[in-house]
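Happy to walk through this one with you. Let's take the labels one at a time and ask what stands behind each.

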Amino acid sequence: KTVYSNEFVNIKEFEMVPLFEIINYLDKIGYKKKVILDIIPHQPIKLTEEQNKLLVEEYKGYARNLKEIVINSNLDIYIHSISRTLLNFIKQENIKAKLGFAIVGFDLNYIDVDYYLFTVEMLNFPLMKQQLNNHKEIMIYIGTEYELSYVYDISKGNKRTNLTDEVFKNIYIMGD
């Protein structure tokens, strides 16, 4: 949230490690678990035609840079975004990674990817079960204590159903 809602000039004093250093380190230690990258696009605003062209070029450049960072990696890399445009440019680079789409309220159109990331407010168990049946991976992102409590209630607590039981056996839960 801090990165998404600020400009670089406002957050440059935060200590950030470049992605290539993290990927190189994880490769060096032989890391075997999933490495999940959330690719954050520019905040959607109304753009002029010229600005839109510049944004497209920036996204293409970002996808090329991402490919260069992970090209020699042996990691199990998962890349997702809320931006289908950015995902399409990443897909065109043939990066050896699983691609995912973070489902958000402003873009509910179908996109065929390797996995789907649901926020708690976008949970849809019949849709999740359908995608699991299609051999897609499902992740739920939990961002607050309330969301954690809610997910517990529907997975293990008093709001549990046969459908949620079935879905929760086959998904990943992630959070901050």
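Q: What covers the buried residues of H5?
A: The cover includes strand E4, strand E5 (137-142), helix H6 (145-155) and helix H7 (162-168). Keep in mind that this is a predicted model.

Q: Which residues of helix H5 are buried, and what puts them on the same side?
A: In H5 (residues 125-133), the buried residues are Phe 125, Met 128, Gln 131 and Leu 132. They cover an arc of only 120 degrees around the axis, so they sit on the same side of H5.

Q: Why is Thr 119 called buried?
A: Buried means under 20% relative accessible area. Thr 119 has 17%, so the label applies. You will find Thr 119 in strand E4 (residues 115-119). Not counting residues up to four places away in sequence, Thr 119 touches Ile 103 and Tyr 141.

Q: Which residues have the most contacts inside the largest nonpolar core?
A: They are Ile 77, Ile 79, Ile 90, Leu 123, Met 128, Ile 140 and Ile 171, in a core of 39 residues. Helix H3 (residues 49-70) gives the largest share of this core, 5 residues. Leaving aside neighbours within four places in sequence, Ile 77 is in contact with Ile 23, Val 35, Leu 37, Val 70, Ala 97 and Lys 98. There is also a second, separate core of 5 residues, among them Tyr 78, Ala 102, Tyr 115 and Met 139.

Q: What makes Tyr 31 partly exposed?
A: Partly exposed lies between the 20% limit for buried and the 50% limit for exposed. Tyr 31 has 31% relative accessibility, so it counts as partly exposed. Its place is the loop between helix H2 (19-28) and strand E1 (34-39). Together with Tyr 25 and Ile 29, Tyr 31 makes a nonpolar surface patch of about 300 Å².

Q: How do you know that Glu 137 and Lys 34 form a salt bridge?
A: The limit for a side-chain nitrogen and a carboxyl oxygen is within 4 Å. For Glu 137 and Lys 34 the closest N and O atoms are 3.9 Å apart, and the pair is a salt bridge. It links distant parts of the chain: Glu 137 is in strand E5 and Lys 34 in strand E1, 103 residues apart. At 15% relative accessibility Glu 137 counts as buried, while Lys 34, at 26%, counts as partly exposed.

Q: What separates Glu 49 and Lys 53 in helix H3?
A: They are 4 residues apart in H3, so about one helical turn separates them. Glu 49 counts as exposed at 62% relative accessibility, and Lys 53 as partly exposed at 47%.

Q: Why does the pair of Lys 136 and Asp 112 tie together parts that are apart in sequence?
A: Lys 136 lies in the loop between H5 and E5, and Asp 112 in the loop between strand E3 (98-103) and E4, so the pair joins parts 24 residues apart in sequence. Their side chains meet in a salt bridge at 2.6 Å, N to O. Lys 136 is buried at 16%, whereas Asp 112 is partly exposed at 45%.

Notes. Residues are numbered from 1 along each chain as its sequence is written. This is a predicted model: local features need pLDDT of at least 70, side-chain atom pairs count only at pLDDT 80 or more; totals for chains, interfaces and linings use all residues. Side-chain values use heavy atoms; hydrogens and water are left out. A nonpolar core is a set of buried Ala, Val, Leu, Ile, Met, Phe, Trp, Tyr and Cys residues joined through side-chain atoms within 4.5 Å. Buried means under 20% relative accessible area, exposed over 50%, partly exposed in between (1.4 Å probe, protein chains only). Helices (H or I, at least four residues) and strands (E, at least two) are DSSP runs, numbered from the N terminus. Contact means heavy atoms within 4.5 Å. Patches are made of residues with over 30% relative accessible area and no salt bridge: like charges are joined within 9 Å, nonpolar side chains (Val, Leu, Ile, Met, Phe, Trp, Tyr) within 5 Å. Accessible areas come from the Shrake-Rupley method with a 1.4 Å probe; for residues, only the protein chains shown count as cover. The arc is that of the directions from the helix axis to the C-beta atoms.
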